[in-house]
Amino acid sequence: MYILGIESSCDETAASVILVAKDKKLNVLSNVISSQIEIHKKYYGVVPEVAAREHVLNVIPVVNEALEKAGIKPADLSALAVTAGPGLVTSLIIGGETARVLACAWKKPLITVNHIEGHICANFILPKEKIHFPALVLTVSGGHTNLVLMTDYLKYEIIAETLDDAAGEAYDKGAKMMDLGYPGGPIVAGYANDYLKANNGTAPKSDIVLPRPMLTSPNLNFSFSGLKTALLYQLKKDKNWKKRIPEYCYEYQQAILETLIGKTIKAAKKYKVKTIMLSGGVSANSELRRQMNDAIIDRVPEVAFSVPAMAYTTDNAAMIAAAGYFKYAKKQFTPWDEFKVDCNISFD
């Protein structure tokens with residue numbers, strides 16, 4: 001079984017072909033991504049109209065390249081899976097309409113996928129160990145931060161989400177305050193790692209004090225807007241902050257990571273899960289992976305830990321194709337003439 005996935009929810013135009021083997025393992029035959037990061041860098045964020053125009057230029061070449069690299073023809077496909085939301089509506093329309101027309105022309109089933117669902121399903125692409133349910137997923141990216149309880153494949157319940165900014169957005173805006181560039185996550189993480197290395201792996205006590213927002217609150221929700229404000233006030237008070245960029249990045253990242261990890265462990269205990277998974281672009285952060293693993297071993301050692309391969313953490317189409325397979329198995333198809341994008345699409 002071959003499934004073509006198409007992803008265009010933000011600023012990456014992506015297409016991927018996965019082969020579903022007889023043992024149900026998901027093998028990625030191609031994973032093509034055309035990134036727009038260099039275009040949007042000067043704006044410190046994604047400009048929707050610019051992103052949509054780039055998708056128009058790139059989507060067909062990317063699909064053709066994915067098929068060519070996979071060594072198959074459209075006739076070999078079992079289905080097409082495409083991101084229907086959430087995301088930037090103009091970007092979603094380009095990928096969605098492309099998939100809709102191709103499904104009609106090629107006479108193949110069309111499968112619509114929730115973008116967050118795709119990130120979650122990246123964990124099922126050749127996992128190192130079998131994932132056991134119930135599982136808890138920390139989904140953390142530029143636009144989303146939530147905790148999702150999975151009781152089985154395609155069965156989700158959002159048990160916590162951010163009340164304002166997502167963690168990835170906090171990284172971007174923190175980097176912008178310090179004039180570090182875009183995207184902020186890898187830049188802040190890089191400076192934080194430099195700070196640790198300069199201090200032999202142990203951060204000395206600092207006078208930079210930043211909150212761990214809602215970490216001790218009775219609910220599991222997140223909030224990062226106050227953390228950004230706290231960083232702004234710290235920078236305004238410190239006339240020498242430009243000489244302390246690595247230290248500020250370390251402290252800022254730790255505030256984000258300790259909040260994410262603390263809430264996740266609390267949820268794992270409450271719901272008695274068997275597996276904790278990471279998903280989303282920020283799941284590529286090496287410190288998040290390391291510190292989450294350490295926290296699980298220390299506080300919930302009976303729980304397994306699963307992370308997707310690095311290639312499937314940021315926006316990509318392999319994850320959409322993977323989610324498409326699980327929907328294909330349950331015959332959850334969308335008639336091509338009823339397809340529409342939905343920025344508020346649910347997991348259902």
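This is a predicted model: local features need pLDDT of at least 70, side-chain atom pairs count only at pLDDT 80 or more; totals for chains, interfaces and linings use all residues.
Strand β1 covers residues 2-7 and pairs with both β4 and β2. Elsewhere in the chain, helix α2 packs against helix α3, with their axes coming within 8 Å.

**Strand β1 and its partners**

- On the β2 side, β1 is held by six bridges, and here the two strands run antiparallel.
- Strand β2 spans residues 12-20, and its residue I18 stands opposite I3.
- Four residues lie between β1 and β2, and the two strands form a hairpin.
- Of the six residues in β1, five are buried, so the strand is mostly covered, where buried means under 20% relative accessible area.

**Helices α2 and α3**

- Two packed helices are described by the angle between their axes and by the distance between those axes.
- For α2 (residues 48-70) and α3 (residues 89-106), the crossing angle is roughly 30° and the axes come within 8 Å.
- The crossing of α2 past α3 is right-handed.
- From α2, the contact draws on P48, A51, A52, H55, V56, V59, I60, V63 and L67.
- These meet T90, S91, I94, T98, L102 and W106 of α3.
- By residue class, the contact of α2 with α3 consists of eleven nonpolar and four polar residues, with no charged ones.

Conventions: Residues are numbered from 1 along each chain as its sequence is written. Side-chain values use heavy atoms; hydrogens and water are left out. Axes are lines fitted to C-alpha atoms, for helices over the stretch in contact, and angles run from 0 to 180 degrees between N-to-C directions. A crossing is left-handed if the near helix is turned anticlockwise from the far one by less than a right angle, and right-handed if clockwise. Contact means heavy atoms within 4.5 Å. Ala, Val, Leu, Ile, Met, Phe, Trp, Tyr, Cys and Pro count as nonpolar, Asp, Glu, Lys and Arg as charged, and the others, Gly among them, as polar. Buried means under 20% relative accessible area, exposed over 50%, partly exposed in between (1.4 Å probe, protein chains only). Two strands pair if DSSP finds at least two bridges between them.
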